Amino acid sequence: LQFIKTLSAWGVKYGYLARPWIRPLVELKQEVDTELRREKVARRNRRLRAGEEQVLLTVATGRLYRVIVAALDTGCRLGELLWLRWREGDLDRRELRVLAITAKDNEDRILPISARLRAVLEMARHDPAGQVLGPEAYVFGSAVGERTKSIKTVWRTVCRKANIRDLRFHDLRHEVGSRFLEAGWPLHQVQYMLGHADIK
């Protein structure tokens, strides 16, 4: 069903279809009963097991190490981290700004920088020549600030070396959200930190 909806939207966008095959739920109220919906059969609930965080950080090096620390300390999505530029980080005020254009919920949010993350970012602030990276350089990019498009291969390699199975990078977000809730954070603050438009 999701594939058909995607094809339908693509057809409309590029002019192959005059209208979608499946009408949006809000298009005609009298036809709500005919709307097809995709049910989520099972939700993934993988969390870090005892010792896995330490092993991951021991095996990971350089850029991936920094990204893992940032993910575990902020709850950001991988895409939000990879698009983050130095102009959006303020180490003195210990704040990161996730811009709406890179966020799934299309809203800016300001996140605190933990002591651990600040130390990691301070080490990454300079290029190989010792010069401070400019505001347009990517925080989790290459050594000279170029954007990293994917960490998929290096993530798999690190998980294999760490002997960790069935762990996706996105699972770190679930871990962070769970940790926030277990620490007694109000639900709306966890929602804000993770950038969820819907509190559900």
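Visitor: Hi! What is the relative accessible area of Arg94?

Guide: Arg94 has a relative accessible area of 33%, so it is partly exposed. Buried means under 20% relative accessible area, exposed means over 50%, and partly exposed is in between (1.4 Å probe, protein chains only). Before we go on, this is a predicted model, where local features need pLDDT of at least 70 and side-chain atom pairs count only at pLDDT 80 or more, while totals for chains, interfaces and linings use all residues. Residues are numbered from 1 along each chain as its sequence is written, and side-chain values use heavy atoms, with hydrogens and water left out.

Visitor: Got it. Where is Arg94 found?

Guide: Arg94 sits in the loop between β1 (89-90) and β2 (95-98). Helices and strands here are DSSP runs numbered from the N terminus: H or I with at least four residues for helices, E with at least two for strands.

Visitor: And what is phi of Arg94 near?

Guide: Phi of Arg94 is near 55°, which is a positive value in a residue other than glycine. Most residues other than glycine have a negative phi. Asp166 also has a phi near 55°, again positive and again not in a glycine. Asp166 is in the loop between α6 (152-161) and α7.

Visitor: Let's zoom out. How many helices and strands does the protein chain have?

Guide: Eight helices and three strands. Reading from the N terminus, the order is α-α-α-α-β-β-β-α-α-α-α. The C-alpha atoms fill a box of roughly 60 × 40 × 35 Å along the principal axes.

Visitor: What share of the 200 residues is buried?

Guide: Buried residues make up 36% of the 200 residues. Take the contacts (heavy atoms within 4.5 Å): of those with a separation of 6 or more, 54% come from residues 24 or more positions apart.

Visitor: Switching to salt bridges. How many does the structure hold?

Guide: There are 16 salt bridges. A salt bridge is a side-chain nitrogen of Lys or Arg within 4 Å of a carboxyl oxygen of Asp or Glu. One of them joins the side chains of Arg179 and Glu53, at 2.7 Å from N to O. That pair links distant parts of the chain: Arg179 is in helix α7 (residues 171-182) and Glu53 is in helix α2 (residues 52-59), 126 residues apart.

Visitor: Is Glu53 buried or exposed?

Guide: Glu53 is buried, because its relative accessible area is 18%. Arg179 has 29%, so it counts as partly exposed.

Visitor: Which other salt bridge does Arg179 make, with Glu175 or elsewhere?

Guide: The side chains of Arg179 and Glu175 meet in a salt bridge too, at 2.8 Å from N to O. Both residues lie in helix α7, four residues apart, which is about one turn of the helix. Glu175 is buried, with 4% relative accessibility. Salt bridges with shared partners connect Arg47, Glu53, Asp73, Arg116, Glu175, Arg179 and Glu182 in one network.

Visitor: What about Arg49 and Glu52, how do their side chains meet?

Guide: In a salt bridge, at 3.6 Å from N to O. Glu52 is buried, at 10% relative accessible area.

Visitor: New topic! Which residues form a nonpolar patch on the surface?

Guide: Phe3, Ile4, Leu7 and Trp21 do, with about 440 Å² of accessible area together. Patches are made of residues with over 30% relative accessible area and no salt bridge; nonpolar side chains (Val, Leu, Ile, Met, Phe, Trp, Tyr) are joined within 5 Å, and like charges within 9 Å. The areas come from the Shrake-Rupley method with a 1.4 Å probe, and for residues only the protein chains shown count as cover. Phe3 is in helix α1 (residues 2-13) and is exposed, at 61% relative accessible area.

Visitor: Last one: where is Ser142, and what does it touch?

Guide: Ser142 is in the loop between α5 (115-124) and α6. Leaving out residues up to four places away in sequence, Ser142 touches Arg63 and Thr148. With 18% relative accessibility, Ser142 counts as buried.

Visitor: And Thr157, where is that found?

Guide: Thr157 is in helix α6. Thr157 is 97 residues from Ala60 in sequence, yet their C-alpha atoms are 9.2 Å apart in space. Thr157 counts as partly exposed, at 23% relative accessibility.
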